[in-house]
Amino acid sequence: MMKNIAIVVKPHAEEVADITIQICDYLKSEGKNVLLEERTASVLGYSDFTTHNEIKNNADLLIVLGGDGTLISSNRIISGANIPILGVNLGRLGFLTETKVEEALDTVKKVLSGNYKFDNRMKLISDIFYDEEKVFTTEVLNDIVINKGALARIIDIEVHIDNQYVNTYRADGLIISTPTGSTAYTLAAGGPIVYPTLNSIILTPICPHSLTHRPIVIHDDSEIKIRILNDDEKVFITYDGQIGRKMSLKEEIFIYKSPQPVKLIVSQKRNYFALLKEKLGWGST
């Protein structure tokens with residue numbers, strides 16, 4: 001039974017206050033405890049809020065109102081917890097936030113009655129080691145991007161998969177993506193659209209020096225090791241487009257599947273192919 005409902009919103013999105021108040025009023029009328037994240041409470045003019053740790057430890061459902069970026073950042077709040085997420089799209093293009101604003105309240109009612117379905121979406125873990133000591137770790141839902149600075153030359157990226165040498169990419173960068181992230185940056189870089197619940201990881205070079213360097217899809221049980229071979233260039237690694245750090249020559253990146261997937265509530269009205277048609281404009285003139 002879902003008793004504690006957490007809400008996270010994109011603060012400056014249009015319509016966000018009105019729809020959030022409607023959802024809160026309904027939840028309270030049903031005897032639910034509403035857990036408002038700090039920025040969400042501020043949007044509604046409340047001084048009391050629920051901390052991220054309290055949401056992670058107590059929420060039975062997380063409702064996110066915003067776009068895909070808001071959902072991705074909200075997922076970090078509950079990282080490691082088995083809490084379903086309902087995304088309401090307040091933006092223009094939402095593959096993760098499928099529910100439309102006008103469907104939001106009705107969808108919340110259905111979810112609370114147990115009438116919903118969800119996908120388990122895999123995440124990737126990235127560990128960075130310096131001289132065999134782990135110096136950084138994080139998880140992503142969409143992608144990990146290695147790229148050069150604005151004025152840097154082509155960079156050399158050495159890739160091993162399951163301790164087997166694969167290639168040294170000479171390119172502007174490399175994207176390591178989940179199936180969920182296949183419709184994000186990797187799609188723009190020429191990568192494939194991969195069904196979001198497939199057990200796979202996609203590697204897509206960005207503007208490779210050789211046209212024979214094409215995207216590849218590997219099993220999600222694989223472990224990827226990456227080294228940057230340039231010591232005089234500015235090379236950066238970015239996680240889900242929201243967290244970034246500069247890389248050094250002596251650092252090694254290890255990427256592998258997280259044991260805890262994201263429990264994403266999906267629309268019962270639209271299948272994935274209908275979603276692609278809607279978001280990518282397939283069939284439009």
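Predicted model: local features only at pLDDT ≥ 70, side-chain atom pairs only at ≥ 80, totals over all residues.
Helices, in the sense used here, are DSSP runs of H or I with at least four residues, and they are numbered from the N terminus. Just after α5, Gly114 adopts a positive phi of about 90°.

**Helix α5**

- The residues of α5 that are buried are Ala104, Thr107, Val108, Val111 and Leu112.
- Around the axis these residues cover an arc of only 130°, which means that they lie on the same side of α5.
- An α-helix has 3.6 residues a turn, so residues three or four places apart point the same way.
- The cover over the buried residues of α5 includes the strands β1 (4–9), β3 (61–66), β4 (85–89), β5 (99–100) and β19, together with the helix α1 (16–29).

**The largest pocket**

- The largest pocket has a volume of about 190 Å³, and of the 13 residues that line it, Thr107, Lys110, Ser267, Gln268 and Lys269 are the closest to its centre.
- Two elements, α5 (104–112) and β19 (262–266), each give two or more residues to the lining of this pocket, and the largest share, 4 residues, comes from α5.

**Strand β7 and its partners**

- Strand β7 (residues 124–130) is largely enclosed by the rest of the structure, because 5 of its 7 residues are buried.
- β7 runs antiparallel to strand β8 (residues 133–140), to which 7 bridges join it, and the two strands form a hairpin with 2 residues between them, where Asp131 in the turn has a positive phi of about 50°.
- β7 also pairs with strand β18 (residues 251–257), again in the antiparallel sense and over 7 bridges.
- Ser126 stands opposite Thr138 in β8, and Ser126 also stands opposite Ile255 in β18.

**Val217**

- Val217 has its place in strand β14 (residues 216–219), and with a relative accessibility of 46% this residue counts as partly exposed.
- Although Val217 and Leu203 are 14 residues apart along the chain, their C-alpha atoms are separated by 6.4 Å.
- When neighbours within four places in sequence are left aside, Val217 is in contact with Pro192, Ser200, Ile201 and Ile202.

Notes. Residues numbered from 1 in each chain as written. Heavy atoms only, no water. 1 Å grid on protein atoms, 1.4 Å probe; cavity = no way out; pocket = protein on both sides within 12 Å on 5 of 7 lines; lining within 4 Å. Points joined across faces, edges and corners; volume = space filled by probe spheres on them. Buried < 20%, exposed > 50% of the residue type's maximum accessible area, 1.4 Å probe, protein only. Pairing = 2+ DSSP bridges. Arc of directions from axis to C-beta. Contact = heavy atoms within 4.5 Å.
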